[in-house]
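Me: I should like to examine the labels attached to this structure one at a time. For each, please set the value against the definition and state what follows.

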Amino acid sequence: MATRHLIPGAAVTAAAALALSACGGGTDPGGSADDGEPSGEITVITQRTDIVDTVFMDYKERFEAEYPDVTVEFEALTDYEGEIAVRMNTADYGDVLLIPNSVTPDQLGTYFEPLGTVEELSEKYRLVEEKAYDGQGYGVSITVNTQGLVYNKKVWEAAGITDLPTTPDEFLDDLQAVADSTDAVPYYTNYADGWPLSQWDGNRGAMGDPEYQNTHVAHSDTPWAADEWHGISDGLLFDIVANGLSEEDPTTTNWEESKTLLGSGEVATMLLGSWAITQMQQAAEDAGASADDIGYMPFPYQVDGTFHAQVAGDYKNAINVNSEHKAAARAWIEWFAEESGYAYDEGGISPLVDGPAPETLGDFDAAGVEYVEMTPAPAGQEAYESEVVNTAEIDLYGNIYRQELVDVARGAADGDKESFFAELNQRWADARAAVGE
Amino acid sequence: MSTVSSPVRGAAVRTTATPPPAPRRRGPGRGWRVTPWLFLAAPLGLLVLFTYVPVANMVWYSFTSWNGMAPVKEPVGLENYQRIFTDPDMFSVFLVSLYYLAGAFLQLGLALYFATILSFRTRARNFFKGIIFFPYLINGVAIGLVFLFFLRPGGTLDALLALVGVAEPPQWLGNPDLANVSLASTSVWRYMGLNFVLFLGAIQSIPHELYEAADLDGATSWQKFRYIIAPGIKQVIGLTTILAISGSLAVFEIPWIMTGGANGTTTFVIQTVQQAFEFKKFGLASAMAVVLLLIVLLITWIQRRIFPDEKVDLT
């Protein structure tokens, strides 16, 4: 499903369009979301073009039964990030929409109605602070994701593996066992599509420290040292490829096909967010196998004998600051988080603090994985890491340097692990010096 | 004008409105002089608005460190240009263009060959014309995807090679030594049709009597090509050569879709896009675009010196 990942180009255009509109924004930040009873017709904009005519119609029916004075209309956008940014230059961008990633924290108030203070919202919802500014929360996550590795249980069992690997070395041994005793490709990088490689960055919580990125990563001169997150995760990726445990020709991989390959057991393992689990289960069923074949394991790294996994919010529902039916819009957002069951059906963690745990993450419960919510960067520091990234030209959130890493590891480019990581560290340290703390 | 050619219609027009335009047309009044500019206003306005203003902006950005979003554009002087000309990683990507340049000359040769053959009486020549031109009509994204399947391990090409006994074909895109060759070949397949049509059109505009005269003199096909066709389409050859050179410096679509610039296939334009959109260095990216523009202008100037715009006279 292409809607999952963001095309960087589109996001930037979107950001530029927003920056322009911010100059001409004449919107009134006053008014409250809670004035009056929910009534009127609201337009809800969604990125889920695939289920807007099915699942969302069911939501509409149930919601309107509960709030008879409200009529809900949907608009689904294919290229959500790109299209919504253009719309947001006008006042007409629906009543409820998802906060685009291109909106910076200080712009939130220009476009969205504050839902309440972060403290107050946090009693009910997870990860409100991800889209907050000046103590005000602006959105409620549609679902919450965690990070780990999807794997085909049948293949791993056929290779005689019974315990989850707890260190990168064990993980490599296990992949070797898969290579030796089955026909499956032990690990699939999805190199050609690129964005799946960016998933390697998303699990800094595996280090078990909510403050990790406020003390390491952009605050370290050596993120690729053997005991820091990027050294561990990228190091594992390097070793997988260098040991020949990944697909034969990474340049011709195909994301849609990779789902079928994993579902049918031709590929054993892929590192992806928990959002991928339901898609893989579906692919397994479509390939004539069972959804139960798909397992989800935490990143093979333990702190004090415990696995940790980062949780992060997906898109967040928010209210258009220009909406004429804010009460109805707010009712929808709350209903969507609390009663629609969207997160649960998607196999995600509930956006509610006390929401139901999804069945898809039963493996994590069994493994005793502890979830880690990362602390956002302190005020004024939000852009620091991305500045270092841009100055160093090492795209932590992208795929350019990880594709190079794979090329070096498979011998298609010059260098080895030490020289490659030393160069990354060097460029990173230089960039940090150039940006300044 | 139709009012003159058709008395009936002229009468009808006259009854509906306006006095006869004749007196106004004759005098050198002001309205007459402004009229052409009024007609030109729309295209010139669009040209300025969508070509010269953006280019001027780009040149301005190239002297700043703008990140694409910030309201302030910090001037940095020549820093961006200095980086382009001192950082070896920046210019080494032009080496990738050499693959496409080689491909472009192969493409011109093939196009000229086919255009010449098909301009003579050949069996099913319209069918072959269609086949050769067809790839150019296909969307570049579609071509990229089709060739991805064609070139992948165990794909169509490998299956074809297996039929003729090649058991272990190389990785066409995975092998860094071959990836650019594969991409350049895809590019040749796609753009040969355009060159072919340009050549064919030029060849067919050569007067037919010249061939007849040549036939009477007993000229061979090669002689006809050498002394009639080649000089007759010299201008078009010069033009397509320039297009091929500047095109191979500015390759973007095919490698972007097929490999995304990975595995050593990054071209100058891909690098520009990455600097602008991945690393938010619009200033540097603008400078790179300016450099590319200057290189293309330089090549065009050289071409004009080699092929001056003279009138071709075959007689």
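Reply: In chain B, 70% of the contacts with a separation of 6 or more join residues 24 or more positions apart; a contact requires the C-beta atoms of two residues, placed from the backbone, to lie within 7 Å. This is a predicted model, in which local features need pLDDT of at least 70 and side-chain atom pairs count only at pLDDT 80 or more, while totals for chains, interfaces and linings use all residues. Residues are numbered from 1 along each chain as its sequence is written, and chains are lettered from A and ligands numbered from 1 in the order in which they are written.

Me: What makes up the secondary structure of chain B?

Reply: Chain B has 17 helices and 0 strands. Helices (H or I, at least four residues) and strands (E, at least two) are DSSP runs, numbered from the N terminus.

Me: Which residues of chain B does UniProt list as transmembrane regions?

Reply: The annotation "transmembrane region", from an unreviewed UniProt entry, covers residues 34-53, 98-120, 132-151, 188-206, 236-258 and 282-302 of chain B. UniProt positions are given in the numbering used here, feature names are shortened, and annotations may be inferred rather than shown by experiment. In the model, residues 132-151 of chain B are 90% helix and 0% strand, with end C-alpha atoms 21 Å apart. Residues 282-302 of chain B are 100% helix and 0% strand, and their end C-alpha atoms are 30 Å apart. UniProt also lists "domain: ABC transmembrane type-1" (unreviewed entry) for residues 89-303 of chain B; that stretch is 78% helix and 0% strand.

Me: How do you know that the length of helix H11 of chain B agrees with its number of residues?

Reply: The expected span is 1.5 Å times one less than the number of residues. Helix H11 (residues 176-204) of chain B has 29 residues and should therefore span 42 Å; its end C-alpha atoms are 43 Å apart, which agrees. Helix H17 (residues 282-306) of chain B, with 25 residues, reaches 36 Å from its first C-alpha to its last, close to the 36 Å expected.

Me: Why is B:Ala142 called exposed?

Reply: A residue is buried if 20 or more other C-beta atoms lie within 10 Å of its own, exposed if 12 or fewer, and partly exposed in between, with C-beta atoms placed from the backbone. B:Ala142 has 10 C-beta neighbours inside 10 Å and therefore counts as exposed. B:Ala142 is found in helix H9 (residues 140-151) of chain B. Of the 315 residues in chain B, 29% are buried; among them are B:Phe282, B:Gly283 and B:Leu284 of H17(B).

Me: What makes A:Gln147 a buried residue?

Reply: A:Gln147 has 25 C-beta neighbours inside 10 Å, so it counts as buried. A:Gln147 lies in strand S8 (residues 144-152) of chain A. Leaving aside residues up to four places away in sequence, A:Gln147 touches A:Gly202, A:Asn203, A:Gly273, A:Ser274, A:Phe299, A:Ala309 and A:Gln310.

Me: Where in chain A is confidence lowest, and where is it highest?

Reply: pLDDT is the predictor's confidence in each residue, from 0 to 100. Chain A has a mean pLDDT of 87, and 92% of its residues reach 70 or more. Confidence is lowest in H1(A), at a mean of 41, and highest in strand S9 (residues 185-187) of chain A, at 96. Over residues 1-34 of chain A the pLDDT is below 50, although this stretch has 61 contacts in the model beyond near neighbours in sequence. Where pLDDT is low, the predicted coordinates should not be read in detail.
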